[in-house]
Amino acid sequence: MSETLRDVLAQHVARQPRHTFLVAPETGRTLSYGELDRQSRLFARWLRAAGLRRGDKVGLYLHNSYQTALLYLGAMIGGYVIAPLNLLSQRSQLAYVLEHCDCKVLFTAREYQKQLGEALAEVKRPVEVIVIEPDAPELFIEQRLPEGELEPIAADDPALLMYTSGTTGTPKGALLTHRNLVAAARCVAAWHGLAREDRCLSSLPLYHINGQVIATVAPFVSGGSVIAPHRFSVSAWWVLAVRHRATWINVVPTIIAYLLNAADPTREYRFPRVRFGRSASAPLPPEQHRAFERKFGIPVIEAMGMTEASSVVFCNPQDEAKRKYGSPGIPCGVEAKVIDAKTGRALPPGAPGEICLRGANVMAAYYKSPEQTAKEFDGEGWLRTGDLGYRDADGYYFITGRLKELIIKGGENIAPREIDEALLKHPAVLEAAAVGVPDPNYGQEILACGVLKPGARVAVEELRKFCLAELGRYKTPRQFRFVSELPKGPSGKIQRLRLATDAGTA
């Protein structure tokens, strides 16, 4: 059985070298498994000539493209560690990651040189920046590279250094091995029944763990294909799905909200080739979940992942009759439990607490952070996720929030998601996020931020009355703020702590 990503590629090259792995819609260019193998070997020779050794870090600061996918997989296949950097990071955060990750070379595009240069000015170590054309058919010319075979690699060798979003503090580097990534991808492929005939349409960026493992490594391990546009476009989404024969779509709740809002109410949408959608990276409100399925005729499998677990944690069953709206599902490739956050004691079904994980796809450590690793792992290998929730009597998990995002009003714990979902029931609201803000009487009060649908209008008092009916007086937000957009990470996850910070400075 394949133990590394290189082993996986070798099997595909032996069986289906001409089969398409990647479709780049902007150019129409495709990448076969055989060509991926050839260009990965050239890339490894180039890195060796540049002075890098097996296990050295290679930085990636690019949007999705033909070459981004090649560099991402090619570095790991060659025995190096890829370190994708978030294009949405603030300068100080990007500078910290550049300093911490130890990448020796960094690939970027001309459009990102200015923001990258500003961050690099704060970095005290040398980083060689290589500016490329992301849609170029080939970067490395064989005749100019020294000969040499790939160095051996093992399943427990590091492959990916992925930094958490840093919304609750300094970003942490999750160091994932070939074993972690292959285990996670196999689990996703088996869970969804993925095969060589399947094609995933995903615009989630390759600098986020979902876009990496779910939309790229899982199709790669299963021998299928991925359609990877540069970015999400609501007007192009269904055109791409039909034109390139997608059989499943990888989305987040934000994409679902925008596709629903842009849909023609008089048109019946049906896409018979698309057998399911997979939504993760943030909780999917049940009302939007049901509305999407009704409008587009595509069953949506809600799931949950996290960087430290190679993006695989919970998933709803493929069987439609067994799915539960509002739940990310049952453990998928991991062991899970709910504990009392203060005592560490395991809790029974129905009792809320902190969710813990253990499994083959869970990382062993944070990069260069032994103290953080010791803090978040116990002696039996359980990872404390910081996510709050419970499991029901059927073993399905429900997420209620993050430990650091919990609103504590007058000593009462309030899950922000409950307020979000109430607001989303209002016909004028497209997106919503609640957050706790300081209050002299209660410790914290509730601020609700909302994005209205294009052309929609609603008075604050009308929204307050709506919340009173849905939530009751205690959980109804004291403050309402309308914004043009909510701050989000690359996967669409709302960054609540930024909302709280902005509220304090407004």
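Is Glu-122 buried, partly exposed or exposed? Glu-122 is partly exposed, with a relative accessible area of 39%. The legends below describe close-up views of a predicted model.

**View 1. A salt bridge joins Arg-91 and Glu-122.** The side chains of these two residues meet at 3.1 Å, taken from N to O. Arg-91 belongs to helix α4 (residues 91-101), while Glu-122 sits in the loop between α5 (113-120) and β6 (128-132), so the pair ties together parts that are 31 residues apart in sequence. Arg-91 counts as partly exposed because its relative accessibility is 47%, a value that falls between the limits of 20% for buried and 50% for exposed. Glu-122, at 39%, is partly exposed as well.

**View 2. A salt bridge joins Arg-231 and Glu-111.** The N to O distance between the two side chains is 3.5 Å. The pair links distant parts of the chain, 120 residues apart: Arg-231 is in the loop between β10 (225-227) and α8, and Glu-111 is in the loop between β5 (103-109) and α5. With a relative accessibility of 45%, Arg-231 counts as partly exposed.

**View 3. A salt bridge joins Arg-384 and Glu-354.** Here the side chains meet at 2.7 Å, N to O. Arg-384 lies in strand β19 (residues 383-391) and Glu-354 in strand β17 (residues 353-358); the pair links distant parts of the chain, 30 residues apart. Arg-384 is partly exposed, at 28% relative accessibility. Glu-354 is buried, with a relative accessible area of 3%. The whole structure holds 26 salt bridges.

**View 4. Four strands form an open sheet.** The order of the strands is β16-β17-β19-β20, and their pairing is antiparallel. β16 (335-339) and β20 (397-402) stand at the edges with a single partner strand each, so one side of each has no neighbour in the sheet. From one strand to the next, the twist averages 45 degrees. β16 and β17 run antiparallel and are joined by 5 bridges. Val-338 stands opposite Ile-355, a residue of β17.

**View 5. Helix α10 carries several buried residues.** The helix covers residues 286-296, and its buried residues are Pro-286, Gln-288, His-289, Phe-292, Glu-293, Lys-295 and Phe-296. Among the elements that cover these residues are the helices α8 (237-243), α9 (253-262) and α12 (416-424). The cover also includes the strands β11 (248-251), β13 and β23 (429-439). Gly-297 follows α10 and has a positive phi, near 70 degrees.

**View 6. Thr-307 lies in a loop between two strands.** The loop is the one between β13 (300-304) and β14 (314-315). Thr-307 counts as buried because its relative accessible area is 13%, which is under the 20% limit. Leaving aside residues up to four places away in sequence, Thr-307 touches Met-162, Ala-174, Leu-176 and Ile-209.

Definitions and conventions: Residues are numbered from 1 along each chain as its sequence is written. This is a predicted model: local features need pLDDT of at least 70, side-chain atom pairs count only at pLDDT 80 or more; totals for chains, interfaces and linings use all residues. Side-chain values use heavy atoms; hydrogens and water are left out. Buried means under 20% relative accessible area, exposed over 50%, partly exposed in between (1.4 Å probe, protein chains only). Contact means heavy atoms within 4.5 Å. A salt bridge is a side-chain nitrogen of Lys or Arg within 4 Å of a carboxyl oxygen of Asp or Glu. Two strands pair if DSSP finds at least two bridges between them. Axes are lines fitted to C-alpha atoms, for helices over the stretch in contact, and angles run from 0 to 180 degrees between N-to-C directions.
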